[in-house]
Structures are given as C-alpha cells and as structure tokens.
Amino acid sequence: MAKKILVLVAAIMAFGVVPAVASATNSPELVETGGKTVEVGKKILATNVGNTLMTDGSTNTLLSCQTATMTGTVTKNDGSNVEGNIADATFKNHETSTCSGILGATTVTSTPATNGVPWCIRSTSTMATDEFQVRGNECSKAQRPIRFILDLPFGVVCTYQRTNAITGTFTTGEGKTVMSISHVEFPLLESVGFGCPSAGYLDMSFTLETDESPFARVDII
C-alpha cells in the first residue's frame with residue numbers, strides 16, 4: 001500500500017510540473033549595447049527593415065514605403081514590462097515625401113486631428129512570449145483607435161482606422177532584436193473619390209536605437 005501511495009504522489013507531482021515547463025512567461029527588458037538597461041525618459045528611434053507595406057485583400061500593394069520611422073520616449077522598463085509613447089511616425093520613400101503603390105504616389109498622414117499619434121507601444125508580463133502591441137493614445141491613458149489618412153492622385157483620400165491594438169512579435173538578444181507586424185488589418189473608415197480598397201493590411205519590421213547622443217542600438221532581452 002505504501003508503495004502505491006508513493007507512486008500516486010510521484011504521478012501527481014509530475015503532472016503538476018508539466019504546465020510550469022510548458023508555459024513560458026514574457027519578461028522583456030530594453031538594453032543598450034553592452035547590456036545597459038535603457039532608462040525611463042530615454043528617446044527611442046524605430047527604423048524599418050525592408051519596405052513597409054500595406055496591401056489590399058488581393059495582396060496588391062496599396063502602399064510601399066522605403067523609409068518608415070517612429071520616435072518616442074520610454075515610460076516603463078522594469079525588467080518584466082516595457083512601455084513607450086510614440087510621438088511621431090513618418091512614412092515615405094528615400095527621395096520623396098510620398099510612398100508608392102498601385103494607386104500612385106501617396107502621402108501618409110499619421111497625425112490626423114482625430115486618432116492620430118501619440119501611440120502606445122508595449123510588451124508586458126501578461127502577454128504571450130515575445131509579443132508586443134501598439135494602440136492609440138499614450139500608455140497612461142485610455143485606449144483609442146489608430147488612424148492613417150492616405151492622400152492619392154486625383155484628389156482621392158482613403159482613411160483607414162483600426163480599433164483593436166496592433167499585435168506583433170519580436171526576436172530577443174543583443175544585436176538581434178527585430179520587431180515585426182504581419183498582415184494587420186486596417187478597415188476603411190471613409191473615402192473621398194473612387195479606388196479605396198475596403199481594408200489595408202500592414203506589414204512592417206523595425207529595429208530600435210536611442211534617439212539622442214550617445215546614439216546606441218537598443219535590443220530586448
């Protein structure tokens with residue numbers, strides 16, 4: 001009988017260990033080159049890797065931007081949670097102030113009077129491993145939508161807005177961190193003229209660095 005009880009106890013203990021091993025936790029920390037923790041209040045620049053794209057439902061390229069940058073300030077970096085407020089976002093090609101696409105040269109406005117920047121970018125201990133989110137408004141304030149206005153040729157204006165937070169993933173490690181957004185839907189809110197697809201799907205990857213001297217790469221560990 002004693003042997004059976006011991007076997008039962010061992011089985012229960014083994015059963016209890018399995019979930020702990022299987023469930024990883026998200027505990028991001030921003031660091032500069034050399035492992036120095038990025039201080040709250042530090043200015044950060046995000047720069048795209050490859051072209052930033054918005055496609056329509058048939059995967060046609062609605063928007064292609066060679067340069068996409070976001071600037072902001074770190075508001076939390078406690079070893080388990082990272083948050084920052086994005087104050088500005090710019091999308092364009094290298095030699096022009098516009099992006100390109102199937103509808104022609106397009107000006108992207110990320111600062112409309114309603115639901116423009118600031119945005120909150122965050123990765124917390126309550127999220128899936130290596131997950132981050134971007135939502136409208138500062139991190140300390142209530143969530144709101146994110147809105148883009150695309151000004152196209154011939155007076156066509158397409159306004160896209162996403163209510164839910166954008167969800168992305170990142171790779172960890174010094175010198176390795178890339179943050180990526182894949183095929184995130186932005187429904188058409190309103191349009192002027194003809195030709196605006198009913199939704200745009202955003203694809204974007206970017207790296208981080210400090211936006212003030214001394215400039216340094218920033219990674220997530």
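Which cysteine does a disulfide join to C120? The points below get to that pair and its neighbours.

1. A word on the model first. This is a predicted model, where local features need pLDDT of at least 70 and side-chain atom pairs count only at pLDDT 80 or more, while totals for chains, interfaces and linings use all residues. Residues are numbered from 1 along each chain as its sequence is written, and side-chain values use heavy atoms, with hydrogens and water left out.

2. You'll find 3 disulfides here (a disulfide being a pair of cysteine sulfur atoms within 2.5 Å). Counting bonded cysteines along the protein chain, they follow the pattern 1-2, 3-4, 5-6.

3. Back to the opening question: C120 is joined to C139, S to S 2.1 Å. The link is right-handed, with 100° about the S-S bond. It ties distant parts of the chain, 19 residues apart: C120 sits in strand 8 (residues 119-123), and C139 in the loop between strand 9 (131-136) and strand 10 (146-151). Strands here are DSSP runs (E, at least two residues), numbered from the N terminus.

4. C120 counts as buried because its relative accessible area is 0%; buried means under 20% (1.4 Å probe, protein chains only). C139 is buried too, at 13% relative accessibility.

5. Another disulfide joins C65 to C99, and this link is right-handed, with 110° about the S-S bond. C65 lies in strand 4 (residues 61-65). Both C65 and C99 are buried.

6. Then there's C158 with C196, S to S 2.0 Å. This link is left-handed, at -85° about the S-S bond. The two cysteines are 38 residues apart, with C158 in strand 11 (residues 157-162).

Methods. Helix = DSSP H or I, 4+ residues; strand = E, 2+ residues; numbered from the N terminus. Buried < 20%, exposed > 50% of the residue type's maximum accessible area, 1.4 Å probe, protein only.
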